[in-house]
Amino acid sequence: MSSLCNSRRKTDVIGECIDKLHEKRRAVREEGMEALVAALERFVPVDELNYRYFTVFDRCCASLRKGSSREATLAYRAIGLLALTVGAATAHGVDCSKDILEKVLPVLEETLHAPSSGAATMVAALDCLAAVTLAGARRPEDMAPSMKAVWGAIRRAEDETTSSPEILTAAVCALALLLTTVGDLRSYPCTFKEAMIPFHDLAELLECEHPAVRVAAGEALAVCVEINLTQHASPEDIQVIEMILSDLAADASGDQILTEEQVEFFQQIADIMSQGEGDCPETEESMPLSYTSGHSVLRVSTWARLVQLNFLKRFLNKGFPKHLQDNPLFWEQVDSSDAVDEADEQPAEKGRRRGGGRDKRWSSAMRRDRDIGWESKNGFSLYD
């Protein structure tokens, strides 16, 4: 019996991480934070976190307050991963990811305002802000403070000559992602004014010398068109943006040579702007299935979904396929009508039965409290 208990303790990765995060020695805490990040990347079911969610979040916040720059960078990543992991699940009546968003925002704002924050910590904070808002925003007004914080970071990064281009890139990527949390404004009786962006600032970002910033600004603009936020832009701003896009699509933007993919991307955005609407180029990506020998195809057909996909692939890194398969936050939909190879047919059926078993492990309360707003703004379709 003793050996069995010891074996179980060895497999309790989250418990081991918590123990290390309570240590006074900084090196041990950093080791625990690294292990926590690795575990969350691989995806930890909410029922395994259970009540320890509160402890994990609390220790991450403690590392932000008293840890080194490296520990703070890891802690921000862990918090973002934790928010994506718990999604809209509840613990002791608390909406977990929304709770994370509300509690971590003041700490994030402090980091983004601090001139002493290093580039790595700033980028981690911006990525964390984007992730927790994506997971925790239930209505458009929930993302207003995050949007304000991101625009503040963008303007500071533009004004400070010593600012790293990576910070500006992360901030504009966060902006594009936050816009996807606005959802369909037609569902709300009043236009959500906080979601309206200063389009003259967006035009300046499109002219940035850093290609990654321009692409992120283009994605933000595409989402604005898709959810009809451009109706609030002045005719002058729209005209300037269309001229910039025309130059970018013609690769006439200056000394910086654009790649062929970037030129095509800006041409797509220019077409959308000129027509007032447009379709996102449908994206298909082969994804390995852990429970079969085959692959599935991930299809994304809106700009908002494409921005989310690009962010999540980068943020989750190698853990993206695992989260896509096992994380209820992604609202997977498996279409059994699609043909599969005969050799894969039987394992695929077994895999679907296993998936049904995973769903049963979620309590009825978790399913009931999962906000329907998430379904309207997030839904990747996964086909065999």
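Which residues of H11 are buried? To find out in this predicted model, select helix H11, residues 199-206, where six of the eight residues are buried, leaving the helix mostly covered. The buried residues are Phe 199, Asp 201, Leu 202, Ala 203, Leu 205 and Leu 206. With these still selected, bring up the helices that the buried residues of H11 pack against, which are H9 and H10 together with H12 (211-226), H13 (235-249) and H14 (260-275).

Next, go to Ser 164, which sits in the loop between helix H9 (144-159) and helix H10 (165-180). Ser 164 has a relative accessible area of 16%, and because buried means under 20%, Ser 164 counts as buried. Show its side chain along with that of Glu 166, and you will find a polar contact between the two side chains at 2.2 Å.

Finally, turn to helix H6 (residues 69-86) and helix H8 (residues 119-136), which pack with their axes 8 Å apart and at an angle of about 15°. Angles under 35 degrees count as roughly parallel, and H6 and H8 are therefore described in that way. H6 passes H8 in a left-handed crossing. To display the contact itself, select Ser 69, Ala 72, Thr 73, Tyr 76, Ile 79, Gly 80, Ala 83 and Leu 84 on the H6 side, and on the H8 side Ala 120, Thr 121, Ala 124, Ala 125, Cys 128, Ala 131, Val 132, Leu 134 and Ala 135. Colouring this contact of H6 with H8 by residue class will show 13 nonpolar and four polar residues, with no charged residues.

Technical notes: Residues numbered from 1 in each chain as written. Predicted model: local features only at pLDDT ≥ 70, side-chain atom pairs only at ≥ 80, totals over all residues. Heavy atoms only, no water. Helix = DSSP H or I, 4+ residues; strand = E, 2+ residues; numbered from the N terminus. Buried < 20%, exposed > 50% of the residue type's maximum accessible area, 1.4 Å probe, protein only. Polar contact = N/O pair within 3.5 Å; in protein donor to acceptor, adjacent residues only side chain to side chain. Contact = heavy atoms within 4.5 Å. Axes fitted to C-alpha atoms, helices over the stretch in contact; angles between N-to-C directions. Parallel < 35°, antiparallel > 145°, perpendicular 65-115°, else oblique. Left-handed = near helix turned anticlockwise from the far one by under 90°. Nonpolar A, V, L, I, M, F, W, Y, C, P; charged D, E, K, R; others polar.
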